[in-house]
Amino acid sequence: MSHPEAFHIVLIGRVQGVGFRYFIRQKANELKLKGWVKNKADGSVELEVEGNSDSITIFLDMINIGNSMSRIDRIFKSELPSLQGFDSFFVKY
C-alpha cells in the first residue's frame, strides 16, 4: 500500500526557458501531488513534492522523460522528514 512521502528535488540540464516548470505543475496536478517548483539562478530547477509514494514514483519517471524541449542531466533527490501540508502544486517566482 502506498504511503505519503515528501521530497526536495533539484534538476540540472536544459530545464529553463522550455516550459518545464509548467510541465512539472501539470504532471503533479494530474497525479494529485502537492508542492512547488521554481527556477534557480544557477540554471537548475528546484521543487518540493508530496503525496503518495506510488504517484511520486510515476511523477519522477515523467520528469525524467520531460517535455519535448527539456533534457535532464542530473537529479538530486532527498527525502524530507515531514509533509508540509501544501494545498496545491504551484510555480514559485
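Me: Let's start with one residue. Is Phe23 buried or exposed, and why?

Reply: Keep in mind that this is a predicted model. Phe23 has a relative accessibility of 13%, so it counts as buried, since the cut-off for buried is under 20%. Phe23 sits in helix α1, which covers residues 20–30.

Me: What does Phe23 touch, apart from its close neighbours in sequence?

Reply: Setting aside residues within four places in sequence, Phe23 is in contact with Met62, Ile63, Gly66 and Asn67.

Me: Which other residues of α1 are buried?

Reply: Here's the general idea to start with. An α-helix has 3.6 residues a turn, so residues three or four places apart point the same way. Now the case here: the buried residues of α1 are Phe20, Arg21, Phe23, Ile24, Lys27 and Ala28. These residues cover an arc of only 160° around the axis, which puts them on the same side of α1. What covers them includes β1, β2, β3, α2, β4 and β5.

Me: How does α1 run relative to the strands?

Reply: Helix α1 lies across β1, β2, β3, β4 and β5, and it runs at about 170° to β5.

Me: What happens just after α1?

Reply: Look at Lys32, which takes a positive phi of about 60° there, although Lys32 is not a glycine. Lys32 belongs to the loop between α1 and β2. Its relative accessible area is 67%, so Lys32 is exposed.

Me: On to the other helix. How do I check that the length of α2 makes sense?

Reply: Count residues and compare with the span. Helix α2 has 13 residues (53–65), and at 1.5 Å a residue they should span 18 Å. The end C-alpha atoms of α2 are 19 Å apart, which agrees.

Me: Which residues of α2 are buried, and where do they fall around the axis?

Reply: The buried ones are Ser53, Ser55, Ile56, Phe59, Leu60 and Ile63. Seen down the axis of α2, they fall within an arc of 150°, so they line one face of the helix. They pack against β1 (4–14), α1, β3 (45–52) and β4 (71–79).

Me: Could you take one of those, say Ser55? What is its relative accessibility, and what does it touch?

Reply: Ser55 is part of helix α2, and its relative accessibility is 12%, so it counts as buried. Leaving out neighbours within four places in sequence, Ser55 is in contact with Leu31 and Leu33.

Me: What should I look at where α2 starts and what follows it?

Reply: At the start, a side-chain oxygen of Asn52 comes to within 3.1 Å of the backbone nitrogen of Asp54. After α2 comes Gly66, with a positive phi near 75°. Gly66 is also one of the contacts of Phe23.

Me: Which strands does α2 lie across?

Reply: Helix α2 lies across β1, β3 and β4, and it runs at about 150° to β3.

Me: Now the sheet. How do I read the order of its strands?

Reply: In general, strands of a sheet pair through backbone hydrogen bonds, either parallel or antiparallel. Here five strands form an open sheet in the order β4-β1-β3-β2-β5, with mixed pairing. β4 and β5 (89–91) stand at the edges, each with a single partner strand, so one side of each is left without a neighbour in the sheet. From one strand to the next, the twist averages 20°.

Me: How many bridges does β3 make with β1 and with β2?

Reply: With β1, the pairing is antiparallel over eight bridges, and Pro4 stands opposite Asn52 in β3. With β2 (residues 34–39), the pairing is antiparallel over six bridges. There, Lys38 stands opposite Glu46 in β3, and Val37 stands opposite Leu47 in β3.

Me: How many residues of β3 are buried?

Reply: Seven of its eight residues are buried, so β3 is largely enclosed by the rest of the structure.

Conventions
Residues are numbered from 1 along each chain as its sequence is written. This is a predicted model: local features need pLDDT of at least 70, side-chain atom pairs count only at pLDDT 80 or more; totals for chains, interfaces and linings use all residues. Side-chain values use heavy atoms; hydrogens and water are left out. Helices (H or I, at least four residues) and strands (E, at least two) are DSSP runs, numbered from the N terminus. Buried means under 20% relative accessible area, exposed over 50%, partly exposed in between (1.4 Å probe, protein chains only). Contact means heavy atoms within 4.5 Å. The expected span of a helix is 1.5 Å times one less than its number of residues. The arc is that of the directions from the helix axis to the C-beta atoms. A polar contact is a pair of N or O atoms within 3.5 Å; within protein, one must be able to donate a hydrogen and the other to accept it, and residues adjacent in sequence count only if both atoms are side-chain atoms. Two strands pair if DSSP finds at least two bridges between them. Axes are lines fitted to C-alpha atoms, for helices over the stretch in contact, and angles run from 0 to 180 degrees between N-to-C directions.
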